[in-house]
Amino acid sequence: MSDDLPRHLLAAFGSPLYLYRLDAAEDAAHSLRGQLPRGAALYYSLKANPHPALGEVLRAGGCRAEISSTGELAAALEAGWAGEDCLYTGPAKTAGEVAQALGRGVRRFSVESAADLDRVARTAAAQGRTAECLLRINSARSGASGLRMSGPSKFGVHEADVLARPERFADRPGARVVGAHYFPISTARSEDALIAEFTASIESARRLRDAGLPLAHLDLGGGFAAPYAEPGERPHYPRLREALETLLSSRLPGWRDGLPAVAFESGRHLVGGCGALVCTVAEVKENEGGRFVLVDSGIHHLGGMAGLGRLVRPAATPEPGAAHPALTSHLVGPLCTPADVLGSKVPVCAAGPGDVLVVPNTGAYGLTASLLGFLSRPAPAEVFVRGRTVVSASRLTLSRTPLDTGVDLPVPVTTTGDVPA
């Protein structure tokens, strides 16, 4: 951080907290739109950070909403998106989820299999509605590096299966197939890798269209990278727009007139850089030759990606004006488990208790990707600022909702004797 805002916010809202700068999210959305083909739609993936305050800013900037749960749907609606602005994605959608989404105005779904298409169709038909479905295609690998979501996986249906049995993916009462959805990679390592993925997807879409798959809409997904929990700037893709426009014009020449309408998705690239986890040092200790910096935050606040091995060398910096050197340390939290490690052998600036540390680039996959319920500790505040003005502040709470225990079961359930421990 370049100012003293983190310490002032800790005094007002307590430690730790997440600080989000709305200006940064606006800038990221504007920048990415300028690197995509002209006229293409951009969906914000709420899984990166579902807070409505961020959603409102991105909606105002022209983004639509990509959602994968009824909770994300509620957040999108709270942010001001209408149901028709949302694309509902994800494997194993239940009929109850689909019914609720349809009831809130969602009409476009990404379906991941013939069974998923059937489920969406039956649910929509029961309501007297018709869902527009994009068929998620699990295409061949392009050879690009990153977090793969293609190949043998739970996502999508392979292109060859669609070509072999197209009747399984035809229109039916309650569902109309309107296009294809691709998302083979996340966090592509380079612009060349990103272009290679989009090229493979566009080629696949052309083959499917030529074989008879309706292609009014083409969602090419994302893969746009961003630094996570370490210093750095989000990458820019200066060659991407021209490369994609040239490719689309060659393979799908009607795209400039909206046939197909082309869309992209992004989560971490749009909001990763706008957020930071601000925490306070409780103790610095030496133990068997190791230096441990204990802070009042941990994997319950920044844990989801650490648990997946995605937290790479975080760097925590002190408040401005501090002169502590960066020493190789284990950055650990307050939880009663040896797993509560934010970073091992990483550079951390801290001299002792009370120092304020900032873990940058945690606006995506931060709080809601963490082990929030573990040890029942309170969640940190989430504070949204524009410049030095606090726009909103909130704290996520976990509460149990009592259920009706007087339900009738199909088969009587009784307990005799002692209940085992």
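This is a predicted model: local features need pLDDT of at least 70, side-chain atom pairs count only at pLDDT 80 or more; totals for chains, interfaces and linings use all residues.

Student: OK, and which residues of H2 are buried?

Tutor: Leu22, Ala25, Ala28, Ala29, Ser31 and Leu32 are the buried ones in H2.

Student: Now aspartate 116. Where is its place?

Tutor: Aspartate 116 sits in helix H6, which covers residues 114-126.

Student: Is aspartate 116 buried or exposed, and why?

Tutor: Buried, because its relative accessible area is 1% and the cut-off for buried is under 20%.

Student: What does the side chain of aspartate 116 have at 3.0 Å from a polar atom?

Tutor: That would be the backbone nitrogen of glutamate 112, which lies 3.0 Å from a polar atom of the aspartate 116 side chain.

Student: And which residues does aspartate 116 touch, not counting those up to four places away in sequence?

Tutor: With those set aside, aspartate 116 touches Gly90, Lys93, Ser110 and Val111.

Student: What about serine 113, where does that lie?

Tutor: Serine 113 is in the loop between strand S5 (108-111) and H6. It counts as partly exposed, because its relative accessibility is 27% and that class runs between 20% and 50%.

Student: How far apart are serine 113 and phenylalanine 169, in sequence and in space?

Tutor: They are 56 residues apart in sequence, and 8.4 Å apart in space, C-alpha to C-alpha.

Student: Switching topic: at what angle do H8 and H9 pack?

Tutor: About 15°, with the axes of H8 (residues 191-210) and H9 (residues 240-251) 10 Å apart. Angles under 35 degrees count as roughly parallel, so H8 and H9 are roughly parallel to each other.

Student: Is the crossing of H8 and H9 left-handed or right-handed?

Tutor: Right-handed.

Student: Last one: which residues in H8 meet which in H9?

Tutor: On the H8 side you have Glu191, Leu194, Ile195, Phe198, Thr199, Ile202, Glu203, Arg206 and Arg209. They meet Leu240, Ala243, Leu244, Leu247, Leu248 and Arg251 in H9.

How values were computed
Residues are numbered from 1 along each chain as its sequence is written. Side-chain values use heavy atoms; hydrogens and water are left out. Buried means under 20% relative accessible area, exposed over 50%, partly exposed in between (1.4 Å probe, protein chains only). Helices (H or I, at least four residues) and strands (E, at least two) are DSSP runs, numbered from the N terminus. A polar contact is a pair of N or O atoms within 3.5 Å; within protein, one must be able to donate a hydrogen and the other to accept it, and residues adjacent in sequence count only if both atoms are side-chain atoms. Contact means heavy atoms within 4.5 Å. Axes are lines fitted to C-alpha atoms, for helices over the stretch in contact, and angles run from 0 to 180 degrees between N-to-C directions. Angles under 35 degrees count as roughly parallel, over 145 as roughly antiparallel, 65 to 115 as roughly perpendicular and the rest as oblique. A crossing is left-handed if the near helix is turned anticlockwise from the far one by less than a right angle, and right-handed if clockwise.
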